[in-house]
Amino acid sequence: MTWHKLAIAAVWAGVISLDFTACGPFMVSQPLVCGPLFGWLMGQVVVGVIIGGIVQLLWMDLSPIGVGIPYDATAVTLLAVYWASLPGHGALSQVVLSLIIAVPLGFLFRWLDQLARRINTLIMHRVEKVSDANLPWALWGGIISGILWSWIRYTVAYGIVFGLGQYAWNRFGYFPRLTRVDQGLTMAIILLPVAGMGVTLELFLSDEPERRWMPWRHTKSSRKDDPTP
């Protein structure tokens, strides 16, 4: 994939990610939506549907509500779709491999969102100092500059990570055809949706589904509520 296409992919990824914390949400950033959409932009709709569906099942309950910034499943989806859509890397095993590489980067993009929120706070503090007569224009200026800043940082971040991943794919290559690694990764494409369905069922059946990520808190609270010594 040429650098021109990489730049276009980064621009569109930045636009899609605006829906996550900057402007919205209109649910475009949900993996089940942005996966096929970005896959279509990359010319690999099927890859986008597979990756978006898996990520949506595994992280269905993640939404930026209030001041909380959750794990960035949108970034994971877009990164995995891009890498899995590279020429010569469309095998199912490589789709899983792209997901494995993208999952840790969801924490990186979450940190970028937290940093951006601090910068947005500084912008609004500047707006507060504006006189009442100019306050409406200052508010609009602050909102637009915040959205523009979010789009720029998303685009730059995606461009860098897209490029690094593409460089690694092209330099090292991954062609373990008919090997145990390839067979295991191909089997994972079947097992991951099964695991995702288990997560989805827990969301509907559990009173506090968020505790599945914090088993130590559940243990501590159980001990605290236990009246026996």
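In which helix does Leu-41 lie? Leu-41 lies in helix 2. Helices (H or I, at least four residues) and strands (E, at least two) are DSSP runs, numbered from the N terminus. The model is predicted, so local features need pLDDT of at least 70 and side-chain atom pairs count only at pLDDT 80 or more, while totals for chains, interfaces and linings use all residues. Residues are numbered from 1 along each chain as its sequence is written, and side-chain values use heavy atoms, with hydrogens and water left out.

The chain has nine helices and zero strands. Along the sequence, the pattern reads α-α-α-α-α-α-α-α-α. Of the 229 residues in the chain, 40% are buried. Here, buried means under 20% relative accessible area, exposed means over 50%, and partly exposed lies in between (1.4 Å probe, protein chains only). The chain exposes about 13,300 Å², and carbon and sulfur atoms supply 71% of this area. Accessible areas come from the Shrake-Rupley method with a 1.4 Å probe; for residues, only the protein chains shown count as cover. Contacts (heavy atoms within 4.5 Å) were also counted along the chain. Among those with a separation of 6 or more, 75% join residues 24 or more positions apart.

Leu-41 has a relative accessibility of 30% and counts as partly exposed.

The structure holds seven aromatic pairs. Rings of Phe, Tyr and Trp (its six-membered ring) pair if their centres lie within 6.5 Å; planes under 30 degrees apart count as stacked, over 60 as edge-to-face and the rest as tilted. Phe-38 and Phe-162 form a stacked pair, 6.1 Å centre to centre, with 20° between the planes. Tyr-154 is buried, with a relative accessible area of 1%. Tyr-158 is buried too, at 0% relative accessibility. One aromatic cluster takes in Phe-38, Tyr-82, Phe-109, Tyr-154, Tyr-158 and Phe-162.

The charged end of Arg-153 sits over the ring of Tyr-154, 4.2 Å from the ring centre. The criterion is NZ of Lys or CZ of Arg within 6 Å of the ring centre and within 35 degrees of the ring normal.

Tyr-158 is also one of the residues that Thr-74 touches. Thr-74 is placed in helix 4 (residues 73-84) and is buried, at 3% relative accessibility. Not counting residues up to four places away in sequence, Thr-74 touches Ser-17, Phe-20, Ser-29, Cys-34 and Tyr-158.

Helix 5 (residues 92-102) is largely enclosed by the rest of the structure, because eight of its eleven residues are buried. The buried residues are Ser-93, Gln-94, Val-95, Val-96, Leu-97, Ser-98, Leu-99 and Ala-102.

Helix 6 (residues 105-128) holds Arg-126, and Leu-105 lies in helix 6 as well. Leu-105 touches Leu-79, Trp-83 and Val-161, not counting residues up to four places away in sequence. Leu-105 and Val-76 are 29 residues apart in sequence and 6.7 Å apart in space, C-alpha to C-alpha. Arg-126 is exposed, with a relative accessible area of 63%. Arg-126 and Gly-142 are 16 residues apart in sequence, and their C-alpha atoms are 8.7 Å apart in space.

On the surface, Leu-148, Ile-152, Val-156, Ile-160 and Leu-164 form a nonpolar patch, with about 460 Å² of accessible area together. Patches are made of residues with over 30% relative accessible area and no salt bridge; like charges are joined within 9 Å and nonpolar side chains (Val, Leu, Ile, Met, Phe, Trp, Tyr) within 5 Å. A salt bridge is a side-chain nitrogen of Lys or Arg within 4 Å of a carboxyl oxygen of Asp or Glu. Leu-148 is found in helix 7. This leucine, Leu-148, is partly exposed, with a relative accessible area of 47%.
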